[in-house]
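Please read the following report alongside the sequence and the coordinates.

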Amino acid sequence: MERASGLPAIKSSGLSVALAPEHYTGREQALVKHHFLKHYLERLIHKIASKYGEVVYVDGFSGPWKNQSEQFEDTSFGIALQALTDAKRSWAGIAHNPRQVKMTAHLVEKSPHAYARLAELQAMFPEVEIHTHKGDFTEIAPAIARCIPSQAFSFILIDPKGFSLDLQALKPLIGRPRCEVVFNFMFDFVNRFALFEDDKVAPVLDKLIPTEDWRNQLRALEQNPAATPEMRKRAIVEAFECAVSKVAGYKYVADVDVKRPDRDRTLYFLVYGTRQPPGIEVFRDCQIKSLGVQADIIGRKKVEKLAEKSSQLELLGSMQEMAPDPNAVFLIDEMEKARHLLLDIVPTSGTGRAWGDIWTHVLANHVIRLTELNRIANDLRKSGHLLFPSWPPSPKRVPKDEFPVLLGTVTPSVSEPVP
Ligand SMILES: C[S@@+](CC[C@H](N)C(=O)[O-])C[C@H]1O[C@@H](n2cnc3c(N)ncnc32)[C@H](O)[C@@H]1O
């Protein structure tokens, strides 16, 4: 279905309402961010509410900012408050075993004008206890951390406009044991200023990426004639991810590459940290869906740009459809890399390593759905490349987490295609 803006209608999951692309004209990258957030939060909060008595959402740089909907449906907090409300109602409405889950939100905003709008929210979302804070997030974060009950689960969104962020100062909040985080890592800015020695810029970057040595790695890459822009990009984002993992103790850190809608260039990364295997599983599902939305936006923008120069819009549209989709190419490449990593980390002898250990490691490193990786594992088992001694001789196609796995007697060849 087409919308007025020419952008695709985003299919909603379950009963949730789809995001409206017309609210994102001229800032389509925010549609990709919100698409990811919406789908991730809907699944996360519902799942978390099955175990925890309280779910807390913290939006450190809440806005509203450039929103076009008066109902805040195109803001991060609007999306989160709706997901909290839906999950609360859904658990309370279970006939035989209803659950009452407390939903809380802390929204922090520095601009007095934007902050004033947050006062409208409590009446719109009465089932969520909403606390609004006017001021600087870094200063307020420790106080928010203190008022979150230790048994509550928290999800923290940190979405500043620039790259001025003191990661260490956020440790009391993002380092909570029952916690997940998503950062907007402003790659475009950091990439531009990474090796500036200016005493105004360098200390700001030191606070954002407080781990040693990342600049030396970047300098080494600059000296390497074989280094590509992609390698530089990965070195920068992985330096930040490493810092997040070190400062806050996240076992799994991964990212969504959000591009400029009119150019195939990274604008920012959504960097995600979790301590839970199901978190990384849901993250990859939602990431792959959002990358599909992004590919569609970029493809349409390209056609629109070409159409400005030509009147043959239909012909250009079909040329676009025939061209290889870079996102599809990327996903196939990631699947192939995931398969190689899987074969690399499976032990060659002994009692094997639990499948639950293997898949979390592969998903933490590559953009692949668990269902796809399970399929690859089953195919490698059938072809004799992998051994799962506890896998019963049944048509069951999904390995259990506790199944040990080790390399089979058939040697995998590097050039073999994904089975
Ligand atoms: C990129 S916007 C947030 C967009 C929002 N997360 C969304 O997706 O709808 C950043 C917001 O942070 C606010 N802000 C800037 N510096 C801040 C600070 N130090 N503490 C809290 N808020 C801040 C800005 O006024 C702006 O509204």
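Pro177 counts as exposed because its relative accessibility is 55%, where exposed means over 50% relative accessible area, buried under 20% and partly exposed in between, with a 1.4 Å probe and protein chains only. Pro177 is found in the loop between α6 and β5 (179-185), helices (H or I, at least four residues) and strands (E, at least two) being DSSP runs numbered from the N terminus. Although Pro177 and Tyr250 are 73 residues apart in sequence, they are 9.2 Å apart in space, C-alpha to C-alpha.

Leu173, by contrast, has its place in helix α6 (residues 171-174) and counts as buried, at 0% relative accessibility. Leaving aside neighbours within four places in sequence, Leu173 is in contact (heavy atoms within 4.5 Å) with several residues, including Val58, Phe137, Ile148 and Cys179. Ile156 is also among the contacts of Leu173, and the two residues are 17 apart in sequence and 8.2 Å apart in space, C-alpha to C-alpha.

## Basis of the model

This is a predicted model, in which local features need pLDDT of at least 70 and side-chain atom pairs count only at pLDDT 80 or more, while totals for chains, interfaces and linings use all residues. Residues are numbered from 1 along each chain as its sequence is written, and side-chain values use heavy atoms, with hydrogens and water left out.

## The loop between β1 and α2

The loop between β1 (54-59) and α2 (76-92) contains Pro64, which is joined to Gly63 by a cis peptide bond with omega of about 15°. Lys66 lies in this loop as well and has a positive phi of about 55° although it is not a glycine. Phe72, also in the loop between β1 and α2, likewise is not a glycine and has a positive phi of about 65°.

## Nonpolar cores

A nonpolar core is a set of buried Ala, Val, Leu, Ile, Met, Phe, Trp, Tyr and Cys residues joined through side-chain atoms within 4.5 Å. The largest has 82 residues, and those with the most contacts inside it are Tyr57 and Leu342. Its largest share, ten residues, comes from helix α1 (residues 28-48), and it draws at least three residues from each of domain 1 (21-308) and domain 2 (325-407). Apart from this core lies another, of 45 residues, among them Leu170, Phe183, Ile209 and Val244.

With neighbours within four places in sequence left aside, the residues in contact with Tyr57 include Leu41, Phe77, Leu84, His106 and Phe155.

## Domains and helix packing

The chain is divided into domain 1 and domain 2, whose bounds come from an automatic or database domain assignment. Their C-alpha centres lie 29 Å apart, and 14 residues of domain 1 are in contact with 14 residues of domain 2.

How do the axes of helix α11 (residues 277-309) and helix α13 (residues 326-345) cross, and within what distance do they come? They come within 9 Å and cross at roughly 150°, the axes being lines fitted to C-alpha atoms over the stretch in contact, with angles from 0 to 180 degrees between N-to-C directions. The two helices are therefore roughly antiparallel to each other, a term used for angles over 145 degrees. The contact is made by Ile288, Leu291, Gly292 and Ala295 of α11 and by Asn327, Phe330 and Leu331 of α13.

How values were computed
Angles under 35 degrees count as roughly parallel, over 145 as roughly antiparallel, 65 to 115 as roughly perpendicular and the rest as oblique.
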